[in-house]
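Please have a look at it while I talk.

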Amino acid sequence: MTLLSIVLATLAGGLLSVGISALLSQALLGRLVQHLVSLSAGVLLGASLLHVLPEAFESQAGSHELFLCLLGGLMFFFLLEKVELYRHSHHHEGDGHHHHHHYDAEQAGRGGYAVLIGDSIHNFCDGVLIAAAFLADPNLGWLTAAAVVLHEIPQEVGDYLVLLNAGFSRARALAFNALSGLAAVVGGVLGYFLFTPFEGLLPYLMVVASSSFIYVAVADLIPQMQRRLPWRETLMQVGWIGGGLLLMALASLGHSH
């Protein structure tokens, strides 16, 4: 039953966001991305700091070792991004971010398939986190899957628009995005079979995996929002971040540690 839940949750995380990208027009996607980025930052920070990490620290594992795992995880994802194997694109010309003209075309020029490889690794890591969360607590697993889905919407929108700039047709870009989303299922299934015999390692694995949430929020999403804006737009950013945090806080009502 746990394995089935992991498969369903990772399928939702990998494919639901792609489906939403397919239903919305490119112009509407561009307008929504900046708000979704703010919401995503709140969701990722809320899920990792209010749920996944507290669950790990309430175990019998030592706090010093867990903090070491968190530090190691942050450095690991930093290095992955350095070698362009951990991509989380949320950019689009006209999305409100002040990139130079043809920014997305230049990004796409680096290779549409490189974008897909980076996105697949990102999705695989999300799948591992979902598996670890389900093995610790099914409620925590569904909560983590919900956080992944909400974050993957702007992620997949950004990758979809870059692939279009790389010359992919709309159908082909969506198909390849969906295929990369299946990497989350692979990560979830492998995580289930690898982690089940070693339940004592789950707290450490949860900390390392949740460090990806923190890294994306702090290193990618929040810096995008740190630019001069009118007060109205700044308040909207705060509102969307607060909305993401509130969603995760309300979710705790149905999750007992």
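Over residues 91-109 the pLDDT stays under 50, and although this is a predicted model, it still has 35 contacts beyond four places in sequence for that stretch. Among the elements of the protein, helix 4, at residues 103-109, has the lowest mean pLDDT, 47, while helix 3 has the highest, 91. For the protein, the mean pLDDT is 79, with 81% of residues reaching 70 or more.

Which residues of the largest nonpolar core touch the most other members? Out of 43 residues, they are L44, I130, L140, A147, F213, L221 and M248. At least two residues of this core come from each of helices 1, 2, 5, 6, 7, 8 and 9. There is also a second, separate core of seven residues, which includes A56, L70, V207 and I214.

Let me return to L44, which, once its neighbours within four places in sequence are set aside, is in contact with A147, H151, F213, V216, A217 and L221.

Finally, the surface, where L68, L71, M75, F78 and L79 make a nonpolar patch of about 490 Å². Of these, L79 lies in helix 3, which spans residues 63-82, and L79 counts as partly exposed because its relative accessible area is 49%, between the limits of 20% and 50%.

How values were computed:
Residues are numbered from 1 along each chain as its sequence is written. This is a predicted model: local features need pLDDT of at least 70, side-chain atom pairs count only at pLDDT 80 or more; totals for chains, interfaces and linings use all residues. Side-chain values use heavy atoms; hydrogens and water are left out. Patches are made of residues with over 30% relative accessible area and no salt bridge: like charges are joined within 9 Å, nonpolar side chains (Val, Leu, Ile, Met, Phe, Trp, Tyr) within 5 Å. Accessible areas come from the Shrake-Rupley method with a 1.4 Å probe; for residues, only the protein chains shown count as cover. A salt bridge is a side-chain nitrogen of Lys or Arg within 4 Å of a carboxyl oxygen of Asp or Glu. Helices (H or I, at least four residues) and strands (E, at least two) are DSSP runs, numbered from the N terminus. Buried means under 20% relative accessible area, exposed over 50%, partly exposed in between (1.4 Å probe, protein chains only). A nonpolar core is a set of buried Ala, Val, Leu, Ile, Met, Phe, Trp, Tyr and Cys residues joined through side-chain atoms within 4.5 Å. Contact means heavy atoms within 4.5 Å. pLDDT is the predictor's confidence in each residue, from 0 to 100.
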